[in-house]
Amino acid sequence: KERTKKGKMIIHEETHEVETPTGPMRVRLFKPRCGDEKGVPGGSLVMWGGVIVHAEIYQVTGPLERLCRLIASEGFVTIIGECYHELEAPGTALGYDTEGTDRGNAHKKIKTIEAFDSDARAMVDFLIKRDDCNGRVGSVGMCLGGHLALRNAFEPEVIAAVCLFPTDIQAGSLGAKGDDTLARLTAGDPIDTEVTFVFGKQDNHVPAEGRAKIYQALVQGKQDFQWLELNAQHAFIRDELSKGRYDPALAALCNSVMFEIFRRRLSFGGGSSAVVQPQKVAGDPDC
């Protein structure tokens, strides 16, 4: 990692246009700054793990930009695309208010699940073709983005996913005609992808019965997953105060879990945490 003399990580940012089957999508890129790259002096080319951050219904907002910079500062090439590029002008971020929420939710019912998936595939292709990406890709997102991060894990190059309070999974209600995410989980897809789920126990978007339905599908499909439920409301990680839900301490805890997974899988090329052997039963002499 290249650092300044004061020891602080320098983040480089770019804006790209990525072609998708439904039209061009603006993609923001955040990465540690390295030498020998497009006029950046000093040092040498470094290959980083790649992380795709999936936008929530408001698109690329301040909280998501800050999340991208945080991830990049830990040594990852990080990208985020505009999830409603077919429906909004490039650079549009919806407000965290009633108008923005209604507009974002309406778009979610217009765009097809195939279009969401093809956007994700295009972002995977964009990352793995870069000289500064080591080919190991992870995905993360909150709310709508949490669901998209999970579906992104169906792609073979995505080996780790962190799904923060993902919506619509339990009801199969994402997209114009719904989605098949729960059925695919139950059937055992994705394969070879380590997935972490984080929910707030007081989340009215994914209530207890919905979380139980998702959990059962993961168990039935013998998925490689871990599960964390916290005493928090929906979107408690989002660092803005319009809805009064942000919990910085729990957000820091979730970031720690995320970075453990991404470092182990994407940076170090390590295996899944599921290889840990079950603990022996009480009374066993080696217990």
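Tutor: C68 counts as buried because its relative accessibility is 0%; the cut-offs are under 20% relative accessible area for buried, over 50% for exposed and partly exposed in between, with a 1.4 Å probe and protein chains only. C163 is likewise buried, at a relative accessible area of 0%. The model is predicted, so local features need pLDDT of at least 70 and side-chain atom pairs count only at pLDDT 80 or more, while totals for chains, interfaces and linings use all residues. Residues are numbered from 1 along each chain as its sequence is written, and side-chain values use heavy atoms, without hydrogens or water.

A disulfide is a covalent bond between the sulfur atoms of two cysteines. With the criterion set at a pair of cysteine sulfur atoms within 2.5 Å, the structure has zero disulfides.

Next, the nonpolar core, defined as a set of buried Ala, Val, Leu, Ile, Met, Phe, Trp, Tyr and Cys residues joined through side-chain atoms within 4.5 Å. The largest such core has 76 residues, and V53, I71, V140, F165, F236 and F262 touch the most other members. Helix α7 (residues 248–267) is the top contributor to this core, with eight residues. Helices are DSSP runs of H or I with at least four residues, strands are runs of E with at least two, and both are numbered from the N terminus. Contact means heavy atoms within 4.5 Å. Setting aside residues up to four places away in sequence, F262 touches V51, F76, G138, S139, V140, A160, V162 and S267.

A cavity is a set of points, on a 1 Å grid over the protein atoms alone, where a 1.4 Å probe fits but cannot get out, and its lining residues have an atom within 4 Å of a point. Points are joined across faces, edges and corners, and the volume is the space filled by probe spheres set on them. The structure has one cavity of 30 Å³ or more, and the largest cavity holds about 120 Å³. Its lining comprises 15 residues, with H54, C83, D119, M123 and L148 nearest the centre. Two or more lining residues come from each of β3 (48–54), α3 (113–128) and α4 (144–152). Of the elements, α3 gives the most, five residues. By class, the lining has eight nonpolar, three polar and four charged residues; Ala, Val, Leu, Ile, Met, Phe, Trp, Tyr, Cys and Pro count as nonpolar, Asp, Glu, Lys and Arg as charged, and the others, Gly among them, as polar.

Conventions:
1 Å grid on protein atoms, 1.4 Å probe; cavity = no way out; pocket = protein on both sides within 12 Å on 5 of 7 lines; lining within 4 Å.
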